[in-house]
Amino acid sequence: MSSPESEPGPADSLPAVAPQLRALRRRASLTLEAAARSAGLSPAHLSRLETGQRQPSLPMLLALARVYGTTVSELLGETVTERDAVVRAADMEPTAAGGWTYWQAGAAGRGMQALRVQVPYGSQGDIVRVHPGEEWLYVLRGRLRLRLGDTTHRLGPGDSAHFDSLTPHRIAAQDPDGTELLFVHTLLQSPTATLCLGPTPGETP
């Protein structure tokens, strides 16, 4: 696995974040050397990020956010007041992905993604997912089969699970009527996918 410093070059879509990076490091009372070491960067590279000579990649932002005890959104200069805290049921439009149907249950651009998900029987049950972050789920209706590593768990309504997403995992409905669940995961820690709700291009069961 490559270090954050070895990721590809600047992303044109990222805003200038240099002043924010410097301010958050100082707020965390960290020297340039200490922050760089904790984030897996060289002091010279972090200095170039803070002076705007380089734009950070998303993995770099993720590493720095963890070191500074903040979110990628704050590193990018977003504030909580720019997003609605409440999501109304009428605004939750269903979207299909990988055979599942999901409704956004939280605000966009946050470090966590909250969803209400309907998983039909036999849909994507054989796909193994592995990615950085954490996941939490709560079964609302039906029964769920959750495989974590070499162990299979069967969850019913009211049951929940909270696990490290680097553990290979499979999620499938156990009953023909499918299952419905609440699902929260650290979306921004998985830079290669918009949602972990099905196979990515080139992925095989």
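A salt bridge is a side-chain nitrogen of Lys or Arg within 4 Å of a carboxyl oxygen of Asp or Glu; a search of the whole structure finds four of them. The structure is a predicted model, in which local features need pLDDT of at least 70 and side-chain atom pairs count only at pLDDT 80 or more, while totals for chains, interfaces and linings use all residues. Residues are numbered from 1 along each chain as its sequence is written, and side-chain values use heavy atoms, with hydrogens and water left out.

**Figure 1. Overall fold of the protein chain.** Five helices and nine strands make up the protein chain, in the sequence pattern α-α-α-α-α-β-β-β-β-β-β-β-β-β. Helices (H or I, at least four residues) and strands (E, at least two) are DSSP runs, numbered from the N terminus. Of the 205 residues, 39% count as buried, a class defined by under 20% relative accessible area, with exposed meaning over 50% and partly exposed in between (1.4 Å probe, protein chains only).

Figure 2. In α1 (residues 18-27), the buried residues are A18, L21, L24 and R25. These residues lie on the same side of α1, because they cover an arc of only 135° around the axis; the arc is that of the directions from the helix axis to the C-beta atoms. The exposed residues P19, R26 and R27 are carried by the face turned away from the buried side. After α1 comes S29, with a positive phi near 60°.

**Figure 3. The six-strand sheet.** The strands of this open sheet follow the order β1-β2-β3-β9-β4-β7 with antiparallel pairing, where two strands pair if DSSP finds at least two bridges between them. β1 (94-97) and β7 (160-164) stand at the edges with a single partner strand each, so one side of each has no neighbour in the sheet. From one strand to the next, the twist averages 25°. β3 and β9 (residues 179-185) run antiparallel and are joined by seven bridges, and R116 has L182 in β9 as its bridge partner.

**Figure 4. Salt bridges around E180.** R116, R141 and E180 are linked in a network of salt bridges. The closest N and O atoms of R116 and E180 are 2.7 Å apart; R116 belongs to strand β3 and E180 to strand β9, 64 residues apart. R141 also meets E180 in a salt bridge, at 3.7 Å from N to O. Since R141 lies in strand β4 and E180 in strand β9, this pair ties together parts that are 39 residues apart in sequence. E180 is buried at 16% relative accessibility, whereas R116 is partly exposed at 26% and R141 is partly exposed at 33%.

**Figure 5. The salt bridge between D175 and R143.** In this pair, the closest N and O atoms are 2.8 Å apart. D175 is in the loop between β8 and β9, and R143 is in the loop between β4 and β5, 32 residues apart. D175 counts as buried at 18% relative accessibility, while R143 is partly exposed at 40%.

**Figure 6. The three-strand sheet.** An open sheet is formed by three strands in the order β6-β5-β8, with antiparallel pairing. Its edges are β6 (151-155) and β8 (169-173), each with a single partner strand, so one side of each is left without a neighbour in the sheet. Five bridges pair β5 (residues 144-148) with β8, and L144 stands opposite A173 in β8. T151, in strand β6, is partly exposed at 40% relative accessibility.

Note on methods: Axes are lines fitted to C-alpha atoms, for helices over the stretch in contact, and angles run from 0 to 180 degrees between N-to-C directions.
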